Amino acid sequence: MLRTPLCQVLGIEAPILAAPMGFITGPELAAAISNSGGLGIISFSGSPPPVLRKEIRRLRSLTSRPFGVGVLLSGPHLSFPVQAVVEVCLEERVPVLETFWGDPTPYVSQAHAAGVKVIDQVGSVADAKRAVRAGVDAIVAQGVEAGGHVAGEVTTMALVPRVVDAVAPLPVVAAGGIGDARGLVAALALGAQGVMIGTRLIATPEAYAHPVYKQKILDATEDQTVRTTLFGYGWPNAPHRTLRTPFVERWLPEETRGSEQRSDEPRIGETKIGGQPVPLLRFMGFPPTPDASGDLESMDFLAGQSVGLVQAMKPAADVVHELIEAACRLIAQLAENR
Ligand SMILES: Cc1cc2nc3c(=O)[nH]c(=O)nc-3n(C[C@H](O)[C@H](O)[C@H](O)COP(=O)(O)O)c2cc1C
């Protein structure tokens, strides 16, 4: 087994965290990761608090191991306050609260009082230092290669050791661009105590992604993503990494249009959030789930540069086990070649 001190902090066996991918990481995927010894983190995905509570309970029924809930502290337009979302997590005593895109300070002491650990995902050394001051239990350093919303502009290779040095002895998790055991070992060499993987997990049976999305992840190569603000309807001017589909290529020259949130954008389809139908307008940033219908090709296929390493659909448990076994072999080989 590949254990690091982070495993003890989070009560897990393997230092692999499943990214809380909005809409995509639901209870099935998170449970599969937690049951394999890692930490599955569901994303709250803008669901109203009662729906989130149900999701947490469903996840709890699928695993007896630690898990987390990811909460975006600012960004998408919500019809309820972030505090209400955090409260559900604390009332449900989720083992780990993951925060992203905002200042975790107001939430850390309430979480700790409820016995909930807090990990904050950041894209810069400045935000990592803010998280230390806030008193979080671990920090996720996200490189610009990452899929989904991207907080900073620095690569994982350059950011992780800087964050490790800035926040020592707090554990750091590397995120962005990690798709196989080589990336995991490299992250450990950079001083990280674990990895958070997103894109690799979209091509698993457990991910709540539309089959077309899963196939695109299998087909795409590392040079077929772009960091853009194009899908800015509902969350304007927020950089995200998504696949360079023909739709994206068509609109990139007019990238700012997506954040204008024009009411006359055409309706391109429909999806469901918390079981309720939601119309999809052009440039809305909803990665297609099995509930999505309509013009899928115009939707937001969020993915990171690690997409080139994703070449086969595999159960999430296999992804975790292969990462760990191959990383152990690789570390032994590297030591032998000294
Ligand atoms: C489809 C998708 C959706 C994401 N949604 C979220 C989210 O809602 N909250 C969050 O903290 N991170 C989100 N992320 C970013 C991940 O937490 C993580 O930084 C990223 O997946 C790591 O890079 P990788 O995709 O190369 O593994 C998302 C990533 C992807 C691919």
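This briefing covers the ligand site and the salt bridges of one structure. The model is predicted: local features need pLDDT of at least 70, side-chain atom pairs count only at pLDDT 80 or more, and totals for chains, interfaces and linings use all residues. Residues are numbered from 1 along each chain as its sequence is written, and side-chain values use heavy atoms, with hydrogens and water left out.

**Ligand site**

- The ligand sits in the largest pocket. A pocket is an open set of points on a 1 Å grid over the protein atoms alone, with protein on both sides within 12 Å along at least five of seven lines. A molecule sits in a pocket if more than half of its atoms lie within 2 Å of its grid points.
- The ligand is surrounded by 22 residues, and the closest are P20, G22, Q121, G198 and T199.
- Strand 4 (96-100) and strand 9 (194-197) each give the shell at least two residues. Strands are DSSP runs of E with at least two residues, helices are runs of H or I with at least four, and both are numbered from the N terminus.
- The side chain of T199 places an N or O atom 2.6 Å from a ligand oxygen.
- For the side chain of E98, the distance from an N or O atom to a ligand oxygen is 3.1 Å.
- G22 uses its backbone: an N or O atom there lies 3.0 Å from a ligand nitrogen.
- On its own the ligand has 600 Å² of accessible area, and the protein covers 97% of it. Areas come from the Shrake-Rupley method with a 1.4 Å probe.

**Salt bridges**

- The whole structure holds 19 salt bridges. Each is a side-chain nitrogen of Lys or Arg within 4 Å of a carboxyl oxygen of Asp or Glu.
- E153 pairs with R227, with the closest N and O atoms 3.8 Å apart. E153 lies in the loop between strand 7 (148-149) and helix 7 (156-167) and R227 in strand 10 (residues 225-228), so the pair ties together parts 74 residues apart in sequence.
- K216 and E297 form a salt bridge at 2.9 Å, N to O. K216 is in helix 10 (residues 211-219) and E297 in the loop between strand 14 (293-294) and helix 12 (316-336), so parts 81 residues apart in sequence are tied together.
- E260 and R262 form a salt bridge at 3.6 Å, N to O.
- R53, R57, E91 and E92 are linked in a salt-bridge network.

**Exposure of the paired residues**

- E153 is exposed, at 64% relative accessible area, while R227 is partly exposed at 32%. Buried means under 20%, exposed over 50%, and partly exposed in between (1.4 Å probe, protein chains only).
- E297 is partly exposed at 39%.
- E260 is partly exposed at 44%, and R262 is partly exposed at 32%.

Methods: A residue is near a molecule or strand if one of its heavy atoms lies within 4 Å of it. A polar contact is a pair of N or O atoms within 3.5 Å; within protein, one must be able to donate a hydrogen and the other to accept it, and residues adjacent in sequence count only if both atoms are side-chain atoms. On a 1 Å grid over the protein atoms alone, a cavity is a set of points where a 1.4 Å probe fits but cannot get out, and a pocket is an open set with protein on both sides within 12 Å along at least five of seven lines; lining residues have an atom within 4 Å of a point.
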